[in-house]
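Hi,

Here is the structure I promised to pass on. Have a look at it first, then read my notes below.

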Amino acid sequence: MSAPVLSLQGVCTDIAQYQILHGIDLEVPEGGVYVLLGRNGAGKTTTLRTVMGLWKARAGAVRFRGRDITGLHTSDIARLGVAFVPENMGIFGGLTVEENMRLASKDGTFDARRLAWIQDLFPAMKTFWDKPAWALSGGQKQMLAISRAIIEPRQLILIDEPTKGLAPAIIRAMIDAFREVAADTTILLVEQNFMFASALGRGVSVIDDGRIVHSGTMADLVADKALQTKLLSLSLDAHQ
Amino acid sequence: MTASDVFNRFGGVNLLPVILMILALPLIGSVSSWVTLTVAGLAMGMMIFLMASGLSLVFGLMDVLNFGHSAFISFGAFIAASVLAALAAWVSADSVILNALALFAAIAAASLFGLLAGWFFERVIVQPVYRDHLRQILITIGALIVAEQLILAIWGGAPIAVARPSFLEGSVIIGDVAIETYRIFACLLGLAVFVALSLVLNRTRIGLLIRAGVENREMVEALGFRIDRIFVGVFMAGSALAAMGGAMWAGYQGLISGALGGEMMILVFIVVIIGGLGSIEGSLLGALLVGLLGNYVAFLFPKLSLASNMLLMMAVLLWRPWGLRPAVKL
């Protein structure tokens, strides 16, 4: 088995006086989509933000390809090849779609083939190329956030609840797009939509109250409804 | 089509200075007085824009409340006055080239001071209090007090006369309208700075980063950029522009005292607030409105002149609490 692309060992993170993560242990294997599931307030977003260096871990270690990145500045983590798509998408509304993408490209220029691939994945990115990002719909903004994350080859993409507030038709299109993106990179996906997560995930961890309470394959979790009920207090049927 | 649609179609808030000018004409009655007041308002607006634009970007980019900004305005004014006094022979010479060199030296010295002092101020005063508004207010006001005492210690408490280069003395006469040359120069300089800033912000990668950082600095860092390093540059440029504005204001007023910075700071804050935080276009719009309204009201209703800009700010905030042209934040 290959070394994990990302590993967290005993990570504790506080926000103000509150301890949110209570010793997270997590290993994300190379390639495909790895899903982090959990109820609201369980610590999913905090985990991603801690990996990205946006909130600092008080204890424990975050390793990316074996390198300790716990104390690194967010920008240094990004330059190692880690992209982040936050829950609010982080779109720059005053910039055009092109400017949003240009900002994420390494030297301000585009690889024509990669750009064409992205515009095939998300045709709206071509249609609204020179339009301000604030004018895009919610789904298009999410597409832009993901396009921005993949405009350069990344080793790891952290994505926080990409389906939140999106229409079912757009979510289905997202599943196809994520499958294609995950073919040549690793995605750590935080999600509450189990249908979306189970359609994409190879591996899965469940977080509750700032601790990982289950790790395994997505296939096993999908097959075991009792486990789903126990871990997530929800069933696959209820979300289809 | 609603009135709001029509308003937006013809330029929206950008039209406000023009609407103000048109409304003022029948009230003033005399075209020559109206032209004189309008040019004076535009010149004053452009100088306030120089002082305000940096402060707006500094707040927009790093959420830093810098009450010490007026120190750069004061130092800029006094340094320019000292340089012009030292170059008195060039200032009063018949040669336009010598006049221009003296003026350039005064503005350059003030701006260079602003640039260097801005770096020091950001590193020593501001950096330790990032993300803490209360401490920012306290420490920058403290720094302002120290700066004002330094000005008193160096230049004394008495008002200082500022020499104006000969080629900017006098007026341009068109028909029965006389327009002060210095005001035309202030308008042109302000316009040139606005165009330069717009080009940097809209046509360069660093400008793209600043615009993005004003909206969401965390995301800019997540894309691999050190926003704090960009911020130092913005702070330095903003301080240099404030000092340049102070230098221009010194020549405009002809007599300066240590209270200059504090007096201007009220107008600068009004401009930043009504223009919209983090927006250069907003700063220009706000500055022009403040300049024009201040001059028209001083002519028409002298007793209201002090209150006019406060009333303008209240009216704008009631109408658009986020300002006239704020940076977009999703």
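This is a predicted model: local features need pLDDT of at least 70, side-chain atom pairs count only at pLDDT 80 or more; totals for chains, interfaces and linings use all residues.

By class, how many nonpolar, polar and charged residues are in the lining of the second largest cavity? The lining has 10 nonpolar, one polar and one charged residues (Ala, Val, Leu, Ile, Met, Phe, Trp, Tyr, Cys and Pro count as nonpolar, Asp, Glu, Lys and Arg as charged, the others, Gly among them, as polar). Its volume is about 60 Å³, and B:Tyr182, B:Arg164 and B:Gly251 are among the lining residues.

Residues are numbered from 1 along each chain as written, chains are lettered from A and ligands numbered from 1 in written order, and side-chain values use heavy atoms, without hydrogens and water.

A cavity here is a set of points, on a 1 Å grid over the protein atoms alone, where a 1.4 Å probe fits but cannot get out; lining residues have an atom within 4 Å of a point. Volume is the space filled by probe spheres set on the points, which are joined across faces, edges and corners. There are two cavities of 30 Å³ or more. The largest holds about 80 Å³, and its lining includes A:Phe84, A:Arg148 and B:Met219. That lining counts 10 nonpolar, no polar and two charged residues.

Cheers

Notes. On a 1 Å grid over the protein atoms alone, a cavity is a set of points where a 1.4 Å probe fits but cannot get out, and a pocket is an open set with protein on both sides within 12 Å along at least five of seven lines; lining residues have an atom within 4 Å of a point.
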